[in-house]
Amino acid sequence: MVRELVQRTLTLDLAKRDTRSAAQLIAQPPKATAPATANRTIHDAGHKEALPGPTVRSEGGPATGDQAADQIYDWLGVTFDFYSTAYARNSIDGAGLPLVASVHYGVDYDNAFWDGSQMVYGDGDQQIFTTFTGPLDVTGHELTHGVTQYSGGLAYEGQSGALNESLSDVFGSLVKQYHLGQTAEQADWLIGQGMFASQVNGVALRSMKAPGTAYDDPNLGKDPQPAEMAHYVDTDSDNGGVHINSGIPNRAFYLAATSIGGHAWEKAGRIWYDTITSKKVPTTADFATFASMTYATAGKLFGVKSTESDAVREAWTTVGVKVT
């Protein structure tokens, strides 16, 4: 979760990102297959930038009394349970990968990120950001970068990078909805609600329901996310606008999920999950390619002329992305 005030935009997990290619990351052998139960280890970086730091809590161990460490222990477990229950996925890699996290990273560090092998959380500067460990969807978002990584990856630039970010928002939101037992209609579809200090004029980092409305603050500027292709942002910053233009596929998912109704992880989420884990999505996929693949997946799961397929097509069409 990086704050780039010069660009007047909020971005997620640009700092410390693993620079290895998706192929290199996938080529690494996964950890030994384990039963479908979480294996969590929490470390305290002690406000240094050396990872992982001393271990403060292991799987099954007692609470530490450190709110950040104990919260992340819980959120790792919820995210693990979500993927296991909703999609029969055994951890982030599908093969029982241990979940490792370090809290209290750096000094006034405005970020939380998946570095390719573990989670890392700063404490925020207490002026703009007051927490990175509080919102469950932040952990769900970051760990989903790992799911995308182990599913073949999406190049982190331009439209493929925006899809990468959108997938993390989609499943970050679904983790929260699953935890709260919410239907698509009941969910707030906000990402990072509760992170801002009280003086910041904003409700969250992003709104999947209404991209471009999450914040409007003198220090941060106005939420720059477009809600449709007519306002797509061509930029050299933010890896070609990966956090900005992700608003378009985010809104497409929201529209599909609310049109289908019920618990969004069951149908809309299944369509998106089966698509990205098919390992058929090109690493440089653009919005139209991914949209057409989700439509094809919906047809396979529910029927070509089903309510679900129609909802997916209509959602993408509404945001200006052509489905073939």
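In the predicted model, helix H6 (residues 247-260) packs against helix H7 (residues 268-276), with axes that come within 9 Å and cross at roughly 135°. An angle over 145 degrees would count as roughly antiparallel, and one of 65 to 115 as roughly perpendicular; H6 and H7 are therefore oblique to each other. On the H6 side, the contact is made by Phe253, Ala256, Ala257 and Ile260. Their counterparts in H7 are Ala268, Gly269 and Trp272. By class, the residues of this contact divide into six nonpolar and one polar, with no charged residue. Gly is counted among the polar residues in this division.

Charged side chains pair elsewhere in the model. Eight salt bridges are present in the structure. One of them joins the side chains of Asp169 and Arg206, with an N to O distance of 2.7 Å. Asp169 belongs to helix H4 (residues 158-180) and Arg206 to strand S9 (residues 206-207), so this pair ties together parts that are 37 residues apart in sequence. Both partners fall under the 20% limit for buried residues. Asp169 has a relative accessible area of 0%, and Arg206 is buried at 2% relative accessibility.

The side chains of Glu228 and Arg251 meet with an N to O distance of 3.8 Å, a value within the 4 Å cut-off for a salt bridge. Glu228 is located in the loop between strand S11 (221-222) and helix H5 (238-241), whereas Arg251 is in helix H6, so the pair ties together parts that are 23 residues apart in sequence.

Notes
Residues are numbered from 1 along each chain as its sequence is written. This is a predicted model: local features need pLDDT of at least 70, side-chain atom pairs count only at pLDDT 80 or more; totals for chains, interfaces and linings use all residues. Side-chain values use heavy atoms; hydrogens and water are left out. Axes are lines fitted to C-alpha atoms, for helices over the stretch in contact, and angles run from 0 to 180 degrees between N-to-C directions. Helices (H or I, at least four residues) and strands (E, at least two) are DSSP runs, numbered from the N terminus. Angles under 35 degrees count as roughly parallel, over 145 as roughly antiparallel, 65 to 115 as roughly perpendicular and the rest as oblique. Contact means heavy atoms within 4.5 Å. Buried means under 20% relative accessible area, exposed over 50%, partly exposed in between (1.4 Å probe, protein chains only).
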